[in-house]
Amino acid sequence: MPDLAATHLSPPFVRTIALMNQKGGVGKTTTTVNLAAGIAQAGRRTLVIDLDPQAHASLHLGVDPATLPAHTDGRARSIYDLLHDPSLDPGPALHAVNDSLSVIPAETDLAALETELSELPPAERTTRLRAILDRLRGQFEFILIDCPPSLGVLTLNGLVAAREVIIPMQAHFLALQGVSKLLETVQRVGQSVNPSLTVTGVILCMHDPASAHVKEVVADLISFFEQTRSSAADVPWKGARVLRPPVRRNIKLAECPSFGQTIFQYAPFAPGALDYKALADSLVAEWDGFIGAARASRSASGDGLTPTIPPRRAAPSATEAGA
Ligand SMILES: Nc1ncnc2c1ncn2[C@@H]1O[C@H](COP(=O)(O)OP(=O)(O)O)[C@@H](O)[C@H]1O
Ligand SMILES: [Mg+2]
(Lines give C-alpha, C1' and ligand atoms only; values in the text may rest on other atoms or scores of the structure.)
(Ligands and ions follow the chains in the order given, each with its own letter.)
Protein backbone atom coordinates (compact mmCIF):
# COMPACT_ATOMS: atom_id res chain seq x y z
CA MET A 1 0.00 0.00 0.00
CA PRO A 2 1.38 3.45 -0.80
CA ASP A 3 1.99 5.83 2.03
CA LEU A 4 -1.40 7.42 1.62
CA ALA A 5 -1.42 8.91 5.07
CA ALA A 6 1.65 10.97 4.35
CA THR A 7 0.35 12.05 0.99
CA HIS A 8 -3.22 13.20 1.54
CA LEU A 9 -2.89 15.11 4.74
CA SER A 10 -5.82 17.40 5.08
CA PRO A 11 -9.55 17.23 4.49
CA PRO A 12 -11.35 17.40 2.17
CA PHE A 13 -9.46 14.26 1.22
CA VAL A 14 -8.75 14.01 -2.50
CA ARG A 15 -6.89 11.17 -4.14
CA THR A 16 -4.97 12.80 -6.99
CA ILE A 17 -3.16 10.38 -9.28
CA ALA A 18 -0.95 11.12 -12.29
CA LEU A 19 -0.92 8.32 -14.85
CA MET A 20 2.50 8.68 -16.30
CA ASN A 21 4.93 6.98 -18.65
CA GLN A 22 7.10 8.88 -21.13
CA LYS A 23 6.63 6.08 -23.62
CA GLY A 24 3.59 6.37 -25.92
CA GLY A 25 1.15 3.57 -26.67
CA VAL A 26 1.56 1.80 -23.31
CA GLY A 27 -2.02 2.21 -22.08
CA LYS A 28 -1.95 5.52 -20.14
CA THR A 29 -5.09 6.98 -21.69
CA THR A 30 -7.02 3.70 -21.74
CA THR A 31 -6.16 3.24 -18.06
CA THR A 32 -6.94 6.83 -17.01
CA VAL A 33 -10.34 6.82 -18.69
CA ASN A 34 -11.52 3.35 -17.72
CA LEU A 35 -10.11 3.42 -14.21
CA ALA A 36 -11.81 6.78 -13.66
CA ALA A 37 -15.05 5.38 -15.08
CA GLY A 38 -14.78 2.34 -12.78
CA ILE A 39 -14.19 4.57 -9.75
CA ALA A 40 -17.12 6.77 -10.76
CA GLN A 41 -19.25 3.63 -11.08
CA ALA A 42 -18.53 3.03 -7.41
CA GLY A 43 -20.30 6.34 -6.81
CA ARG A 44 -17.20 8.49 -6.23
CA ARG A 45 -17.04 11.96 -7.75
CA THR A 46 -14.22 11.58 -10.23
CA LEU A 47 -12.43 14.01 -12.53
CA VAL A 48 -10.18 13.23 -15.49
CA ILE A 49 -7.69 15.91 -16.49
CA ASP A 50 -6.48 15.47 -20.05
CA LEU A 51 -2.95 16.86 -20.19
CA ASP A 52 -2.03 15.35 -23.55
CA PRO A 53 -2.25 17.64 -26.63
CA GLN A 54 -3.45 14.58 -28.58
CA ALA A 55 -6.68 14.88 -26.52
CA HIS A 56 -7.24 11.13 -26.62
CA ALA A 57 -8.76 10.98 -23.12
CA SER A 58 -11.20 13.77 -24.05
CA LEU A 59 -12.26 11.97 -27.23
CA HIS A 60 -12.50 8.66 -25.37
CA LEU A 61 -14.91 10.32 -22.94
CA GLY A 62 -17.01 11.73 -25.77
CA VAL A 63 -15.69 15.32 -25.70
CA ASP A 64 -14.32 16.39 -29.07
CA PRO A 65 -12.01 19.41 -28.64
CA ALA A 66 -12.98 20.51 -32.16
CA THR A 67 -16.54 21.12 -30.97
CA LEU A 68 -15.73 23.14 -27.85
CA PRO A 69 -17.43 26.56 -27.79
CA ALA A 70 -15.65 29.44 -29.50
CA HIS A 71 -12.91 31.25 -27.60
CA THR A 72 -14.87 34.48 -27.45
CA ASP A 73 -16.52 34.90 -24.06
CA GLY A 74 -13.40 34.70 -21.89
CA ARG A 75 -14.61 31.53 -20.17
CA ALA A 76 -12.35 28.52 -19.73
CA ARG A 77 -13.26 25.61 -21.96
CA SER A 78 -10.25 23.32 -21.66
CA ILE A 79 -7.13 22.66 -19.63
CA TYR A 80 -5.30 24.83 -22.16
CA ASP A 81 -7.25 27.94 -21.13
CA LEU A 82 -6.75 27.26 -17.43
CA LEU A 83 -3.01 26.67 -17.70
CA HIS A 84 -2.67 29.72 -19.91
CA ASP A 85 -4.64 31.99 -17.57
CA PRO A 86 -4.76 30.65 -14.01
CA SER A 87 -7.12 33.44 -12.94
CA LEU A 88 -10.00 31.85 -14.94
CA ASP A 89 -12.76 29.98 -13.12
CA PRO A 90 -12.26 26.24 -13.82
CA GLY A 91 -16.03 25.56 -13.58
CA PRO A 92 -16.96 26.13 -17.25
CA ALA A 93 -14.14 23.79 -18.36
CA LEU A 94 -15.71 20.84 -16.51
CA HIS A 95 -17.56 18.58 -18.92
CA ALA A 96 -19.88 16.07 -17.24
CA VAL A 97 -19.76 12.54 -18.67
CA ASN A 98 -22.30 11.27 -16.13
CA ASP A 99 -23.39 12.11 -12.58
CA SER A 100 -20.09 10.99 -11.06
CA LEU A 101 -17.57 11.51 -13.86
CA SER A 102 -16.28 14.74 -15.42
CA VAL A 103 -13.38 15.66 -17.67
CA ILE A 104 -11.42 18.82 -18.28
CA PRO A 105 -10.54 18.31 -21.94
CA ALA A 106 -7.33 19.04 -23.78
CA GLU A 107 -6.81 20.98 -26.99
CA THR A 108 -4.16 20.54 -29.61
CA ASP A 109 -2.87 24.03 -28.69
CA LEU A 110 -1.53 22.44 -25.52
CA ALA A 111 1.63 21.69 -27.48
CA ALA A 112 2.21 25.43 -27.97
CA LEU A 113 1.42 26.01 -24.33
CA GLU A 114 4.30 23.69 -23.41
CA THR A 115 6.67 26.28 -24.91
CA GLU A 116 4.82 29.13 -23.24
CA LEU A 117 5.03 27.46 -19.82
CA SER A 118 8.74 26.73 -20.31
CA GLU A 119 9.37 30.46 -20.52
CA LEU A 120 7.75 31.22 -17.15
CA PRO A 121 9.84 31.75 -14.01
CA PRO A 122 10.78 28.33 -12.53
CA ALA A 123 8.47 28.68 -9.51
CA GLU A 124 5.40 29.11 -11.72
CA ARG A 125 6.36 26.82 -14.59
CA THR A 126 5.29 23.56 -12.98
CA THR A 127 2.74 24.70 -10.39
CA ARG A 128 -0.11 25.99 -12.51
CA LEU A 129 -2.06 22.72 -12.57
CA ARG A 130 -1.73 22.43 -8.80
CA ALA A 131 -3.27 25.90 -8.45
CA ILE A 132 -6.17 24.86 -10.71
CA LEU A 133 -6.83 21.74 -8.63
CA ASP A 134 -6.76 23.81 -5.45
CA ARG A 135 -9.66 25.79 -6.85
CA LEU A 136 -11.61 22.56 -7.42
CA ARG A 137 -11.08 21.30 -3.85
CA GLY A 138 -14.11 19.61 -2.38
CA GLN A 139 -15.77 18.96 -5.74
CA PHE A 140 -14.09 15.62 -6.49
CA GLU A 141 -12.84 12.72 -4.43
CA PHE A 142 -10.66 11.20 -7.16
CA ILE A 143 -8.70 13.15 -9.77
CA LEU A 144 -6.87 11.21 -12.49
CA ILE A 145 -4.41 13.04 -14.71
CA ASP A 146 -3.60 11.63 -18.16
CA CYS A 147 -0.03 12.77 -18.87
CA PRO A 148 1.48 13.17 -22.34
CA PRO A 149 4.17 10.72 -23.48
CA SER A 150 7.13 12.90 -22.48
CA LEU A 151 8.86 14.23 -19.41
CA GLY A 152 8.23 17.84 -20.47
CA VAL A 153 6.68 20.71 -18.59
CA LEU A 154 3.08 19.44 -18.95
CA THR A 155 3.98 16.13 -17.33
CA LEU A 156 5.89 18.03 -14.63
CA ASN A 157 2.71 20.03 -13.93
CA GLY A 158 0.93 16.68 -13.52
CA LEU A 159 3.57 15.44 -11.09
CA VAL A 160 3.50 18.62 -9.03
CA ALA A 161 -0.31 18.59 -8.82
CA ALA A 162 -0.59 14.90 -7.95
CA ARG A 163 0.06 13.06 -4.71
CA GLU A 164 0.50 9.69 -6.38
CA VAL A 165 1.92 8.31 -9.59
CA ILE A 166 0.64 5.18 -11.29
CA ILE A 167 2.71 3.85 -14.17
CA PRO A 168 0.79 2.04 -16.91
CA MET A 169 3.21 -0.16 -18.83
CA GLN A 170 3.58 -3.25 -20.90
CA ALA A 171 5.79 -5.91 -19.42
CA HIS A 172 8.67 -5.83 -21.92
CA PHE A 173 12.38 -5.59 -21.23
CA LEU A 174 12.82 -2.13 -22.77
CA ALA A 175 9.83 -0.81 -20.84
CA LEU A 176 11.66 -1.64 -17.62
CA GLN A 177 14.53 0.59 -18.64
CA GLY A 178 12.12 3.44 -19.26
CA VAL A 179 10.71 3.00 -15.76
CA SER A 180 14.03 3.81 -14.10
CA LYS A 181 14.22 7.11 -16.03
CA LEU A 182 10.67 7.87 -14.99
CA LEU A 183 11.39 7.13 -11.32
CA GLU A 184 14.36 9.52 -11.46
CA THR A 185 12.02 12.27 -12.68
CA VAL A 186 9.53 11.52 -9.91
CA GLN A 187 12.34 11.69 -7.37
CA ARG A 188 13.53 15.04 -8.73
CA VAL A 189 10.04 16.50 -8.44
CA GLY A 190 9.76 14.96 -4.97
CA GLN A 191 12.99 16.56 -3.85
CA SER A 192 12.05 19.97 -5.18
CA VAL A 193 8.42 21.06 -5.42
CA ASN A 194 6.33 18.11 -4.25
CA PRO A 195 7.89 16.20 -1.34
CA SER A 196 4.71 14.20 -0.69
CA LEU A 197 4.67 12.60 -4.15
CA THR A 198 4.71 8.79 -4.02
CA VAL A 199 4.65 6.06 -6.63
CA THR A 200 1.70 3.77 -5.94
CA GLY A 201 2.74 1.23 -8.51
CA VAL A 202 2.55 -0.18 -11.98
CA ILE A 203 -0.54 -1.28 -13.91
CA LEU A 204 0.30 -3.95 -16.44
CA CYS A 205 -1.51 -3.12 -19.69
CA MET A 206 -2.21 -5.23 -22.78
CA HIS A 207 -1.06 -8.09 -20.63
CA ASP A 208 -0.23 -11.49 -22.05
CA PRO A 209 0.20 -13.83 -19.09
CA ALA A 210 1.13 -16.79 -21.32
CA SER A 211 4.40 -15.26 -22.53
CA ALA A 212 7.57 -16.44 -20.78
CA HIS A 213 9.23 -13.08 -21.45
CA VAL A 214 6.33 -11.20 -19.85
CA LYS A 215 6.50 -13.47 -16.79
CA GLU A 216 10.22 -12.76 -16.44
CA VAL A 217 9.77 -9.00 -16.68
CA VAL A 218 6.95 -9.04 -14.11
CA ALA A 219 9.10 -11.12 -11.74
CA ASP A 220 11.92 -8.57 -12.16
CA LEU A 221 9.55 -5.70 -11.40
CA ILE A 222 8.17 -7.39 -8.30
CA SER A 223 11.63 -8.15 -6.99
CA PHE A 224 12.79 -4.58 -7.69
CA PHE A 225 9.89 -3.19 -5.62
CA GLU A 226 10.48 -5.77 -2.86
CA GLN A 227 14.16 -4.87 -2.64
CA THR A 228 13.31 -1.18 -2.45
CA ARG A 229 10.84 -1.85 0.35
CA SER A 230 13.31 -3.76 2.43
CA SER A 231 16.17 -1.30 1.82
CA ALA A 232 16.85 1.79 3.88
CA ALA A 233 16.42 4.09 0.88
CA ASP A 234 13.69 6.68 1.37
CA VAL A 235 12.50 7.02 -2.22
CA PRO A 236 9.05 7.94 -3.58
CA TRP A 237 8.55 4.33 -4.80
CA LYS A 238 9.21 2.81 -1.39
CA GLY A 239 5.66 1.46 -1.14
CA ALA A 240 5.16 0.78 -4.85
CA ARG A 241 3.78 -2.52 -6.10
CA VAL A 242 2.47 -4.23 -9.19
CA LEU A 243 -1.24 -3.49 -9.00
CA ARG A 244 -3.68 -6.32 -9.52
CA PRO A 245 -5.21 -7.52 -11.70
CA PRO A 246 -3.19 -6.91 -14.85
CA VAL A 247 -5.31 -5.61 -17.73
CA ARG A 248 -5.55 -8.31 -20.36
CA ARG A 249 -5.23 -7.50 -24.03
CA ASN A 250 -8.83 -7.02 -25.12
CA ILE A 251 -9.91 -5.66 -28.48
CA LYS A 252 -13.02 -4.05 -26.94
CA LEU A 253 -10.71 -1.64 -25.11
CA ALA A 254 -9.21 -0.56 -28.44
CA GLU A 255 -12.63 -0.18 -30.05
CA CYS A 256 -14.50 1.89 -27.49
CA PRO A 257 -12.58 5.22 -27.90
CA SER A 258 -13.88 5.59 -31.46
CA PHE A 259 -17.43 5.61 -30.05
CA GLY A 260 -16.50 8.18 -27.39
CA GLN A 261 -17.43 5.59 -24.77
CA THR A 262 -15.75 4.01 -21.79
CA ILE A 263 -15.49 0.23 -21.69
CA PHE A 264 -18.38 0.16 -19.19
CA GLN A 265 -20.67 1.86 -21.70
CA TYR A 266 -19.40 -0.03 -24.74
CA ALA A 267 -18.86 -3.59 -23.51
CA PRO A 268 -19.59 -3.85 -19.78
CA PHE A 269 -18.99 -7.61 -19.62
CA ALA A 270 -15.77 -7.68 -21.69
CA PRO A 271 -12.55 -8.78 -19.95
CA GLY A 272 -11.28 -5.18 -20.17
CA ALA A 273 -14.29 -3.94 -18.18
CA LEU A 274 -13.83 -6.65 -15.53
CA ASP A 275 -10.10 -5.88 -15.17
CA TYR A 276 -10.53 -2.11 -14.87
CA LYS A 277 -13.48 -2.53 -12.48
CA ALA A 278 -11.41 -4.80 -10.23
CA LEU A 279 -8.54 -2.29 -10.25
CA ALA A 280 -10.92 0.60 -9.56
CA ASP A 281 -12.60 -1.25 -6.69
CA SER A 282 -9.27 -2.07 -5.09
CA LEU A 283 -8.14 1.58 -5.26
CA VAL A 284 -11.46 2.70 -3.77
CA ALA A 285 -11.27 0.11 -0.97
CA GLU A 286 -7.68 1.09 -0.17
CA TRP A 287 -8.73 4.75 -0.10
CA ASP A 288 -11.69 4.05 2.20
CA GLY A 289 -9.30 2.24 4.54
CA PHE A 290 -7.07 5.28 4.62
CA ILE A 291 -9.94 7.72 5.18
CA GLY A 292 -11.35 5.53 7.97
CA ALA A 293 -7.95 5.37 9.69
CA ALA A 294 -7.39 9.13 9.29
CA ARG A 295 -10.84 9.91 10.74
CA ALA A 296 -10.31 7.52 13.66
CA SER A 297 -6.95 9.01 14.50
CA ARG A 298 -8.37 12.52 14.22
CA SER A 299 -11.12 11.77 16.69
CA ALA A 300 -8.65 9.93 18.99
CA SER A 301 -6.28 12.89 18.93
CA GLY A 302 -9.25 15.04 19.90
CA ASP A 303 -8.33 18.07 17.82
CA GLY A 304 -10.59 17.12 14.95
CA LEU A 305 -8.02 18.45 12.52
CA THR A 306 -4.67 16.73 12.52
CA PRO A 307 -4.57 13.07 11.58
CA THR A 308 -1.78 11.08 13.21
CA ILE A 309 0.45 9.87 10.43
CA PRO A 310 0.94 6.11 10.65
CA PRO A 311 4.32 4.73 9.59
CA ARG A 312 4.87 3.80 5.98
CA ARG A 313 3.40 0.35 5.35
CA ALA A 314 4.72 -2.31 3.04
CA ALA A 315 2.39 -3.55 0.31
CA PRO A 316 0.82 -6.90 1.17
CA SER A 317 2.74 -9.48 -0.83
CA ALA A 318 -0.52 -11.27 -1.74
CA THR A 319 -1.32 -8.43 -4.13
CA GLU A 320 1.81 -9.28 -6.05
CA ALA A 321 1.28 -13.01 -6.34
CA GLY A 322 1.28 -14.58 -9.78
CA ALA A 323 1.98 -12.94 -13.11
N1 LIG B 1 -5.70 -3.88 -22.76
C2 LIG B 1 -5.74 -3.48 -24.02
N3 LIG B 1 -6.10 -4.34 -24.99
C4 LIG B 1 -6.13 -3.95 -26.29
N5 LIG B 1 -5.80 -2.73 -26.73
C6 LIG B 1 -5.43 -1.83 -25.81
C7 LIG B 1 -5.38 -2.13 -24.41
N8 LIG B 1 -4.95 -1.04 -23.74
C9 LIG B 1 -4.75 -0.07 -24.66
N10 LIG B 1 -5.03 -0.54 -25.90
C11 LIG B 1 -4.90 0.19 -27.18
O12 LIG B 1 -3.50 0.46 -27.35
C13 LIG B 1 -3.30 1.75 -27.93
C14 LIG B 1 -2.44 2.60 -27.01
O15 LIG B 1 -3.11 2.79 -25.76
P16 LIG B 1 -3.22 4.22 -25.08
O17 LIG B 1 -4.02 4.04 -23.85
O18 LIG B 1 -3.69 5.24 -26.06
O19 LIG B 1 -1.70 4.47 -24.72
P20 LIG B 1 -0.95 5.83 -24.30
O21 LIG B 1 -1.95 6.75 -23.70
O22 LIG B 1 0.09 5.37 -23.32
O23 LIG B 1 -0.32 6.37 -25.55
C24 LIG B 1 -4.69 2.31 -28.14
O25 LIG B 1 -5.09 2.06 -29.45
C26 LIG B 1 -5.57 1.55 -27.17
O27 LIG B 1 -6.91 1.45 -27.61
MG1 LIG C 1 -2.37 8.72 -24.24
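Visitor: At roughly what angle do the axes of helix α7 and helix α8 cross?

Guide: The axes (lines fitted to C-alpha atoms, for helices over the stretch in contact; angles run from 0 to 180 degrees between N-to-C directions) of helix α7, residues 128-135, and helix α8, residues 153-161, come within 7 Å. This is a predicted model, in which local features need pLDDT of at least 70 and side-chain atom pairs pLDDT 80 or more, while totals for chains, interfaces and linings use all residues. Residues are numbered from 1 along each chain as its sequence is written, and chains are lettered from A and ligands numbered from 1 in the order in which they are written. The crossing of α7 and α8 is at roughly 45°.

Visitor: How are α7 and α8 therefore placed to each other?

Guide: Angles under 35 degrees count as roughly parallel, over 145 as roughly antiparallel, 65 to 115 as roughly perpendicular and the rest as oblique. The axes of α7 and α8 cross at roughly 45°. The two helices are therefore oblique.

Visitor: Which residues of α8 make the contact with α7?

Guide: Contact requires C-beta atoms, placed from the backbone, within 7 Å. R128, L129, R130 and L133 of α7 supply one side. By class (Ala, Val, Leu, Ile, Met, Phe, Trp, Tyr, Cys and Pro are nonpolar, Asp, Glu, Lys and Arg charged, the others, Gly among them, polar), the contact has 4 nonpolar, 2 polar and 2 charged residues. From α8, the residues are N157, G158, V160 and A161.

Visitor: Which residues of α13 does α2 meet?

Guide: Helices α2 (28-41) and α13 (271-301) have axes that come within 8 Å and cross at roughly 60°, and the pair is therefore oblique. From α2, the residues are N34, L35, G38 and I39. Their partners in α13 are Y276, K277, L279, A280, L283 and V284.

Visitor: How many nonpolar residues does the contact of α2 with α13 have?

Guide: By class, this contact has 2 polar and 1 charged residues. Its nonpolar residues number 7.

Visitor: Which strands are the edge strands of the open sheet?

Guide: The open sheet has 8 strands with mixed pairing, in the order β3-β4-β2-β5-β1-β6-β7-β8. Helices (H or I, at least four residues) and strands (E, at least two) are DSSP runs, numbered from the N terminus, and two strands pair if DSSP finds at least two bridges. An edge strand pairs on one side only, and this holds for β3 (95-96) and β8 (241-242).

Visitor: Which residue of β8 stands opposite V202?

Guide: Strand β7, residues 198-204, pairs with β8 in the parallel sense. The pairing runs over 2 bridges. V202 has as its opposite in β8 the residue V242.

Visitor: At about what angle does α9 run to β6?

Guide: Helix α2 lies across β1, β2, β4, β5, β6 and β7, and runs at about 165° to β5. Helix α9, residues 173-191, lies across β6 and β7. The angle of α9 to β6 is about 165°.

Visitor: From which residue to P245 does the cis peptide bond run?

Guide: P245 is placed in the loop between β8 and α11. The peptide bond is cis, with omega near 0°. It runs to P245 from R244.

Visitor: What value is phi of A55 near?

Guide: A55 is in the loop between β2 and α3 (56-60). Its phi is positive, in a residue other than glycine. The value is near 60°.

Notes: Contact = placed C-beta atoms within 7 Å.
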